[in-house]
2 protein chains.
Amino acid sequence: MSLETPRTHYTSQIDIEQIGDDKVTVCGWVHEVRDLGGICFVVVRDREGRAQITLVKKKIDKEIFDAARKLVRESIVAVTGTAKAEGKAPNGYEIIPESIVVLNEAESPLPMDTTGKVDAELDTRLDSRFMDLRRERTTAIFKIRHEVLRAVRDFLSKDGYIETCSPKVVATATEGGTSLFPITYFDREAFLNQSPQLFKQILMSGGLDKVFEIGPIFRAEEHDTRRHLNEATSIDIEASFLDHFDVMEVLEDMVAYVYEQVIENEAASLKALDIELSVPKTPFMKVPYSQAIDIVNAESEETVEWGGDLGTVAEHTIGEHVFKETGESHYFITDWPTEIKPFYAMPYEDNPLISKSFDMMHRTMELSSGAQRIHIHDMLKARIESQGLDSDGFDFYLRAFKYGMPPHSGWGIGCERLVMTMLSVENIRDTVLFPRDRKRLSP
Amino acid sequence: MSLETPRTHYTSQIDIEQIGDDKVTVCGWVHEVRDLGGICFVVVRDREGRAQITLVKKKIDKEIFDAARKLVRESIVAVTGTAKAEGKAPNGYEIIPESIVVLNEAESPLPMDTTGKVDAELDTRLDSRFMDLRRERTTAIFKIRHEVLRAVRDFLSKDGYIETCSPKVVATATEGGTSLFPITYFDREAFLNQSPQLFKQILMSGGLDKVFEIGPIFRAEEHDTRRHLNEATSIDIEASFLDHFDVMEVLEDMVAYVYEQVIENEAASLKALDIELSVPKTPFMKVPYSQAIDIVNAESEETVEWGGDLGTVAEHTIGEHVFKETGESHYFITDWPTEIKPFYAMPYEDNPLISKSFDMMHRTMELSSGAQRIHIHDMLKARIESQGLDSDGFDFYLRAFKYGMPPHSGWGIGCERLVMTMLSVENIRDTVLFPRDRKRLSP
């Protein structure tokens with residue numbers, strides 16, 4: 001009822017003391033063949049590690065020995081035998097094989113080195129992602145990414161957030177008409193959604209109270225930097241009867257929890273990446289925008305006037321300032337000028353030039369944006385129009401504000417940037433299996 | 001640091017014995033106002049239930065009493081007061097208010113009835129999803145959908161599956177050129193992905209061993225039925241060194257686990273839907289295709305020749321047959337003719353006309369398709385070409401089979417159909433917050 005030689009263990013699961021003389025079968029890639037004449041070592045690699053297969057010419061069937069010597073690197077094998085303690089081998093054991101079945105032979109030469117001895121360029125690695133993933137370092141990133149998403153959902157589910165799915169094919173831009181990929185939707189024009197923003201707000205009117213979504217977002221921005229993608233994974237929440245301070249607390253607690261869980265559950269992956277992670281201390285420092293520009297103007301060569309956006313130099317200057325003061329990488333910039341935030345950010349009642357908005361920053365880049373939202377229909381409609389947008393296109397959204405919309409707040413955080421800053425990854429493309437950018441549409 | 005009147009409890013969380021004379025604040029929608037002259041009852045609704053606010057004219061401040069009588073239905077209020085036992089009220093308590101703050105007044109008339117007294121048409125409900133969600137029945141479906149996804153991830157994560165994300169913007173069709181939505185990707189043509197199939201297979205070559213993905217898929221099919229969507233959520237797995245029987249076992253165990261978890265964690269939602277759920281018995285019955293068509297030919301007026309696909313009547317006939325025999329709704333149809341399955345399904349070595357493929361069925365419809373896949377490069381390339389496809393377009397995929405591709409198997413199951421069949425929902429659109437079909441692109 002199964003493959004002829006079913007796997008009994010991952011290479012990391014074989015415990016010599018427990019297993020005794022029981023047969024084991026490991027399945028994986030031929031990582032290395034060392035033929036020393038009288039003895040031949042074959043290293044088999046699977047997702048969880050490596051196993052040494054030891055063949056002593058005098059003690060083993062000639063046919064198996066000869067076959068082992070001729071194994072082609074990166075071929076797929078199933079090795080059955082008994083495990084013996086061997087201190088010098090990976091995981092402290094070696095396997096004395098009874099059979100080595102080649103399940104799929106690899107061609108050679110290989111399109112890319114996977115031993116880690118030769119460093120390949122990013123583009124080469126992405127072109128041959130199936131080879132790149134055979135490097136321990138690459139797999140470690142994606143194991144950690146899995147754990148990040150698991151921990152995020154765990155945290156939010158336990159806090160009463162309901163997972164929702166918003167449509168990716170939409171008729172209207174979320175935040176104006178730029179940066180959209182057009183789709184031919186049967187005989188109509190549609191777009192790929194930039195953000196679940198409008199939909200998660202509608203759900204607040206529907207009474208779902210607290211929701212989260214983790215899904216793809218699409219931005220047709222032309223930039224080609226190491227921090228931008230045209231298709232990314234966004235982690236979004238929206239919560240009723242909470243203000244911007246409340247959801248900042250949710251965000252910082254969630255980030256701290258995610259770090260904790262990665263440290264607890266992905267120790268081997270962190271070790272493979274040679275990273276010692278520590279949990280960010282909460283609460284994160286809050287720097288009001290007006291104070292942030294003072295820091296930039298005092299400590300960098302840039303000048304930012306009140307109302308101006310913060311560029312890369314500004315972000316770095318503030319990040320270094322906060323790091324010197326607190327020893328922490330994460331912080332908030334709060335109370336942004338209303339005009340440079342999206343139309344749905346709620347202005348302060350006593351000073352409408354400033355909004356109840358925030359960015360959550362890492363020392364090296366922006367991670368998240370959020371705000372208390374406008375929940376008053378007429379104010380929202382006026383804000384849409386004051387940004388030069390046609391409020392008719394937002395009718396499906398504005399209707400939800402007329403018949404009982406609670407005060408609400410929320411944020412979105414990029415999954416890739418969260419992983420990237422956690423692991424000090426240089427290029428965001430290294431945190432996505434099959435990245436999409438201005439130039440890359442394949443694989 | 002928070003909204004002026006922060007919520008202390010959901011309506012379902014107030015425990016009279018525990019709370020004593022402590023102040024409570026509930027926040028929500030004005031569900032009902034019953035003004036009996038000397039006494040006025042206001043029912044406030046939130047995601048978790050309802051609370052009765054009781055105002056006795058003689059005992060309460062005139063201003064509050066008069067304001068309460070004039071509350072507009074579906075307005076947003078925050079009510080602060082003390083809770084007293086009241087057997088006839090929802091959750092066994094009533095709140096004697098000290099303040100009722102209107103946070104956002106609703107317009108009237110409302111665009112849709114939400115009391116459940118009037119049944120609205122599906123289209124009306126979808127047009128005003130923000131109103132529809134205020135019906136207990138609608139919210140119950142989405143709470144259960146959340147739990148289904150949570151349970152799926154929990155099951156797969158514990159079984160060693162790594163969550164991965166494949167791109168939604170792709171250059172090549174997964175299974176031929178039909179049914180694709182074209183995108184303008186900068187100056188190039190691209191498509192919305194129909195399925196993560198090719199990408200999850202590439203990851204097997206990369207050694208991720210066992211992966212899952214839950215994400216949107218897009219099919220430009222013109223059908224307009226109660227079982228089809230143009231944008232849906234697919235739950236996909238792919239696993240190395242497992243055959244089709246192994247992954248059928250994963251699938252049936254996962255479905256049973258999901259039912260178990262929904263029963264355990266969503267009892268209130270099931271009650272709201274008036275559904276008594278029982279866990280499907282595993283293993284599910286396996287009906288080989290050849291036997292399935294015998295059943296159709298014997299028990300229905302349709303005739304299916306060997307090699308023909310199974311339509312709705314055929315599926316129902318087989319479903320009823322299995323249900324009569326086993327009392328169970330779930331079963332597999334296995335061993336399909338190779339020609340009517342996608343190119344990547346592995347033919348049996350001893351009879352290549354039949355493939356190691358399966359559909360997992362519910363009595364009422366197909367839920368899932370899967371197979372052991374072809375892992376041999378040349379065989380796969382020949383199969384692609386024999387289906388009239390251009391293998392050059394699959395180069396990014398075929399390369400992954402040349403340099404060490406393990407035997408592997410997998411399946412995909414539609415999240416919406418899983419929820420739909422579990423809850424006996426008539427129309428698949430009722431399981432999606434904002435469905436996309438031939439006609440619907442908004443909200």
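In this predicted model, A:R363 is partly exposed, because its relative accessibility is 25%, which falls between the 20% limit for buried and the 50% limit for exposed. The side chain of A:R363 forms a salt bridge with that of A:E320, with an N to O distance of 2.9 Å. A search of the whole structure finds 74 salt bridges over all chains, and six salt bridges are counted between chain A and chain B.

**The pair A:R363 and A:E320**

- The partner of A:R363 in this salt bridge is A:E320, and A:E320 is likewise described as partly exposed, with a relative accessible area of 32%.
- A:R363 is located in the loop between β16 (357–362) and β17 of chain A, whereas A:E320 belongs to helix α10 (residues 312–326) of chain A, so the pair ties together parts that are 43 residues apart in sequence.

**The annotated residue A:E366**

- UniProt lists A:E366 under "binding site".
- A:E366 is part of strand β17 (residues 365–372) of chain A.
- A:E366 counts as partly exposed because its relative accessibility is 26%.
- When residues up to four places away in sequence are left aside, A:E366 touches A:E315, A:D359, A:M360, A:M361 and A:R417.
- The side chain of A:E366 also makes a polar contact of 3.2 Å with the side chain of A:S369.

**The contact between chain A and chain B**

- Chain A contributes 105 residues to the contact, and chain B contributes 105 residues.
- About 8800 Å² is buried between the two chains, with 62% of this area on carbon and sulfur atoms.
- Between chain A and chain B, 44 residue pairs are in polar contact, counting pairs with both residues at pLDDT 80 or more.
- Helix α5 (residues 136–158) of chain A gives the most to the side of chain A that touches chain B, supplying nine residues.
- That side of chain A consists of 54 nonpolar, 21 polar and 30 charged residues.

- B:E163 and A:R153 are joined through their side chains by a salt bridge of 2.8 Å, N to O.
- A further salt bridge, of 3.9 Å from N to O, links the side chains of B:R438 and A:D187.
- This pair crosses between chains: B:R438 is in the segment after α13 (415–422) of chain B, and A:D187 is in the loop between β8 (182–185) and β9 (188–192) of chain A.

- Within chain B, the side chains of B:R125 and B:D430 form a salt bridge with an N to O distance of 3.0 Å.
- Helix α3 (residues 122–127) of chain B holds B:R125, and the segment after α13 of chain B holds B:D430, so this pair ties together parts that are 305 residues apart in sequence.
- In chain A, salt bridges with shared partners connect A:R125, A:R129, A:D132, A:R135 and A:D430 in one network.

Definitions and conventions:
Residues numbered from 1 in each chain as written. Chains lettered and ligands numbered in written order. Predicted model: local features only at pLDDT ≥ 70, side-chain atom pairs only at ≥ 80, totals over all residues. Heavy atoms only, no water. Contact = heavy atoms within 4.5 Å. Buried area = accessible area lost by both parts, 1.4 Å probe. Salt bridge = Lys/Arg side-chain N within 4 Å of Asp/Glu carboxyl O. Polar contact = N/O pair within 3.5 Å; in protein donor to acceptor, adjacent residues only side chain to side chain. Helix = DSSP H or I, 4+ residues; strand = E, 2+ residues; numbered from the N terminus. Nonpolar A, V, L, I, M, F, W, Y, C, P; charged D, E, K, R; others polar. UniProt positions renumbered as here; feature names shortened; annotations may be inferred. Buried < 20%, exposed > 50% of the residue type's maximum accessible area, 1.4 Å probe, protein only.
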